[in-house]
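Morning, everyone. Let me put the structure up, and then we'll walk through it.

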Amino acid sequence: MVFGVLGAWLGCSRLCGVYSSFCLGIDFSEILFHEQDSAEALGDRRGTKGLCIRNVYNLVMVFMEEIITSRFSEELVKKVDQAVSRGHFKSRSEALRVIIEEYLKEHPELFLGDGVQELMAKAPVLRDEELEQIGSKLFKGISVAKLVAEGRG
Amino acid sequence: MLLYLDTNIILARYAPDEPQHDEAKDLLNKIEEGELSAVTSILTLVEVVCATSRAYERFADKVGSLGREEVAGAFLRRVVNIRNLGFIPMGGEVSVNVMKRRVKLPALFAMALEMGSKTGVKTLDTLHLASASIASRIYGHKIDCFVTLDEDILKRREDISGLIESRVLTPAEMV
């Protein structure tokens, strides 16, 4: 029964492909109909066995992934399609996934916490004389040149 | 006149026992009053925090009621607020291509790779030198003096001067 429902649902996947691509979600056509890739990925020259295992894996992944709906300008969609048609990506879905992954990799600042702001918030506002007073104790008996050089290894 | 300040100059201003404390203080006063322009690397901010935090470890009992983070934060806050002191950023990414492999580096690191291969100075010293070199390009005119108390840099000052196209001096020599 479960397999029946799944089969019917997956049967519509080709029709859903265009819609799901637009939705920045999963392109089922990408998952189910890349026999050659599947076979190659699993090192199976015959393809069939690789295809089956790969598809089972892909089906599991379907349940682990999430579909996100997003709006894009016509111009942006055109650019993505251009990259797909030039063979840089297998599908719109893959293109968007890779582009987002790359962007996130290049912007680690998106994942930083508020540590520095918290440090600044905790830090007292001190006048130069007060800092000098702290410095006289903090740096007593050690040259700051050496202290900094020590930190440089 | 555009100066590049090494981290040790800024800390020396707050270390009364430091031999060139007065000169460092004088230099920073002149910068804050607008008599001189100065830049430093954003790396300086990290070094200020790390150096004060390390020093705190040794002298925690003498500093009083302030905690380690508060002390490090107070110095950081002050350095960020030094008037007329610009901070040289890491810069955008530069691609280094070797065979089929492509590694992206901030411009500062790319410059440091170039400089590091020509001098024998330590990694973080090289990053300061690279920052000074980048600053010249950003501001359109070269740094007049790289001011430091770092013995390793001062030992090699002749080679370094040629490389960054500016004099390498201590605060006392500046005066």
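Which way do α9(A) and α4(B) cross, left-handed or right-handed? The crossing of α9(A) past α4(B) is left-handed. By that I mean that the near helix is turned anticlockwise from the far one by less than a right angle; clockwise would be right-handed.

Some ground rules. This is a predicted model, where local features need pLDDT of at least 70, side-chain atom pairs count only at pLDDT 80 or more, and totals for chains, interfaces and linings use all residues. Residues are numbered from 1 along each chain as its sequence is written, while chains are lettered from A and ligands numbered from 1 in the order in which they are written. Helices (H or I, at least four residues) and strands (E, at least two) are DSSP runs, numbered from the N terminus.

Back to that helix pair. α9 of chain A spans residues 128-138, and α4 of chain B spans residues 68-80. Their axes lie 11 Å apart, and the packing angle is about 130°. Axes here are lines fitted to C-alpha atoms, for helices over the stretch in contact, and angles run from 0 to 180 degrees between N-to-C directions. α9(A) and α4(B) are therefore oblique to each other. The classes are: under 35 degrees roughly parallel, over 145 roughly antiparallel, 65 to 115 roughly perpendicular, and the rest oblique.

Who touches whom? On the α9(A) side we have A:Leu131, A:Ile134 and A:Leu138. They meet B:Val71, B:Ala74, B:Phe75 and B:Arg78 of α4(B). Contact means C-beta atoms, placed from the backbone, within 7 Å.

Now burial in α9(A). The buried residues there are A:Leu131, A:Ile134, A:Gly135 and A:Leu138. They sit on the same side of α9(A), because their arc around the axis is only 105°. That arc is taken over the directions from the helix axis to the C-beta atoms. Buried means 20 or more other C-beta atoms within 10 Å of the residue's own; 12 or fewer is exposed, in between is partly exposed, and C-beta atoms are placed from the backbone.

Zoom out to the interface. Chain B puts 36 residues in contact with 25 residues of chain A. On the chain B side, the elements giving two or more residues are α1 (7-12), α3 (43-63), α4, α6 (123-139) and α7 (151-155). α3(B) supplies the largest share, 10 residues.

Next, chain A as a whole. Chain A has 10 helices and 0 strands. Of its 153 residues, 19% are buried. Take contacts in chain A with a separation of 6 or more: 39% of them link residues 24 or more positions apart.

One helix pair inside chain A. α6(A) and α7 (residues 92-106) cross at roughly 105°, and their axes come within 9 Å. That makes α6(A) roughly perpendicular to α7(A). A:Val80, A:Asp81, A:Ala83 and A:Val84 of α6(A) make the contact with A:Arg92, A:Ala95 and A:Leu96 of α7(A). A:Gln82 also belongs to α6(A), residues 74-85. Is A:Gln82 buried or exposed? Exposed: A:Gln82 has 11 C-beta neighbours inside 10 Å.

Over to chain B, starting with helices. α5 (residues 107-116) and α6(B) have axes 8 Å apart and an angle of about 115°. That makes α5(B) roughly perpendicular to α6(B). The handedness of the α5(B) and α6(B) crossing is right-handed. Among the contact residues are B:Met111 and B:Met115 of α5(B), with B:Leu127 and B:Ile134 of α6(B).

Now the strands of chain B. Five of them form an open sheet: 5 strands, order β3-β2-β1-β6-β7, parallel pairing. Pairing takes at least two DSSP bridges between two strands. The edges are β3 (85-88) and β7 (167-169), each pairing on one side only. Strand-to-strand twist averages 30°. Parallel strands β2 (residues 37-41) and β3(B) share 4 bridges. One of the bridge pairs is B:Thr40 with B:Phe87.

Last, a hairpin. β4 (residues 93-98) and β5(B) are antiparallel, with 6 bridges. B:Asn97 has B:Arg102 as its bridge partner. There are 2 residues between the strands, and B:Met99 takes a positive phi near 55°. How many of the 6 residues of β5(B) are buried? The count is 0, and β5 (residues 101-106) is hardly covered.

Key:
Two residues are in contact if their C-beta atoms, placed from the backbone, lie within 7 Å.
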